[in-house]
Amino acid sequence: MKHSNYPLFVRRDLDGFFALMIDNLVQLLLIVALCGLCGISADSDLLLQYILPGAALSILFGNVFYAWQAHQLAKRENRSDVCALPYGINTPSLLVYIFFVMVPVYQRTNSAEAAWQMGLLACFGSGVIEFAGAFIADRVRRVTPRAALLSTLAGIAIGFISMTFVLKIYQRPMIAMLPAAVVLLTLFSHKKLPVPIPGGLLAIIVGTICAWVLPEVIPQMLQGSPMSADAIKTAWGQSGWYPPHFAGGALWELLKQPGEWVGYMSVIFPMGLFNVIGSMQNIESAEAAGDSYPAKPAMMANGVGTIMASLLGSCFPTTIYIGHPGWKEMGSRAGYSTLNGIFFMLICLTGTTGVISKIIPLEAGVAIVLWIGMVITAQAFTASPGRHAPAVALGLFPAIAAWGATIMQGTLLVGGGKTLQDVLSTNLFTEVNGFLVHGLVVMERGFIFTCMILAAICACLIDGKYRAAALWSGIAALFAFLGLTSAYEVINNDIHFRLAFTADNVDGFTFHATGVGIGYLLFAATFLILGGYKDEPSLQEAEEPDPKPDVSH
């Protein structure tokens, strides 16, 4: 019988809590702001009585489950250094479902309730796909090179985590750079502070002080909206008691009208698959850091949490977060996860989400999330076999292209004038500062799949596994033919998936990825013909063993 002295809470859990809290708080603030595009105002019943409480209960469920799972792993392996999987609102799904599901429904019907119902269905569908994916996840992980799984996360970490938050630091340096210095000092050098508090908490404190003091001292250097007591009073006026409400009836009414929602499966289905792949990659990342969680129960809980969110009125899926190695490195265990779930349950059920955001500036804690992104990127190289470093590097490019396409799309949207549809309809070979616009969008569509497949092909070739490389190329071809990768449709500045066997939108520009699919089939033929039919380990593989995670304690 194994026993473990695994604690319910450690001091470093505070660091992990503030990192996860800031990240989740950003998602909630995005929900409040972007729901306004769907006619759901910040003081509406749909937001305060359904969406935020539903999100809070799903966050609580997942955080408590993953904390429990960490305790079970610690007990099974008799370790005290196990870190729980981080969990929260799924950012990509949040943005995609707002802009490509809920906003179009609102524009068509001018009904906030109709937009909300379609959001519920999108969330529910995502949860069902995630739950079903749990039954094949372990098998997929066994046959996929680690470099393929981790390089995808590294690409996302560079573009959508680290770059996003480092820009926030330089956008408001007088508030963000001092807490960033505290985070870098405490988390990189592990320097003990003269005061007995975690570095993450100290960063939040000094950043908040800067935000409140500097407007009176050097307002011209603040470069942003100053903190305001009046804003806190206004936000406090929306506080109250908002218990969760069951929304299954509204969801069921929409499900009975398939003609209303079948068209949106072109968005819901790919996003559900992306979430399955992303969860597998995050579980693999945790194993590389020394915490080996079984994928099936973790992903089942992930799916249940998202289904729960939809039934309680939230339109936004929850997911296992990227960044477990960062939380583990900063010394967090399971307590940070439980604390995060309780915190968001309290602020969402009491309507005080806005109050928190008016007291603590976002910039006070972004350096913690930046550090997590850097750890993820480094792990992709250090936890994969050294010979697979080129495969990891290759897998970064589609994610970087996705980041670039997002910036380009947003710039065109804000700037007005020519739309992306105008650019692509005129000339597919249009360049922007030397970068081909069409090529950028082709790599962006389904980039999670493309990252993983390209890295897997490269890793198999490095190891002399030519048939495996050909098989991955065949999978890539299938995904391109189906429209899960590379194919796209652009209407004005909105980029949509272009799934096979669906009618082209005559009002938009459509690209079928048939040529890309044929190219992947040529990959497969080349590997089989020139590489040979017999798989033989390469010399590098024979000389260099795979790295094993250090789980000593």
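I looked up asparagine 282 and found its place in helix H12 (residues 265-288), helices being DSSP runs of H or I with at least four residues, numbered from the N terminus. I worked on a predicted model, where local features need pLDDT of at least 70, side-chain atom pairs count only at pLDDT 80 or more, and totals for chains, interfaces and linings use all residues. Residues are numbered from 1 along each chain as its sequence is written, and side-chain values use heavy atoms, with hydrogens and water left out.

I noted that asparagine 282 is buried at 6% relative accessibility (buried is under 20% relative accessible area, exposed over 50%, partly exposed in between, with a 1.4 Å probe and protein chains only). Leaving aside residues up to four places away in sequence, asparagine 282 touches Leu85, Leu153, Ile320, Tyr321 and Ile322, contact meaning heavy atoms within 4.5 Å.

I then turned to salt bridges, each a side-chain nitrogen of Lys or Arg within 4 Å of a carboxyl oxygen of Asp or Glu, and the count came to 12. One of them joins arginine 172 and glutamate 363 at 3.6 Å, N to O. Arginine 172 lies in the loop between helices H6 and H7 and glutamate 363 in the loop between H16 and H17, so the pair ties together parts 191 residues apart in sequence. I recorded arginine 172 as buried at 11% and glutamate 363 as buried at 12%.

Lysine 256 and glutamate 253 also meet in a salt bridge, at 3.3 Å from N to O; lysine 256 is partly exposed at 47%, as is glutamate 253 at 40%.

Terms used
Helix = DSSP H or I, 4+ residues; strand = E, 2+ residues; numbered from the N terminus.
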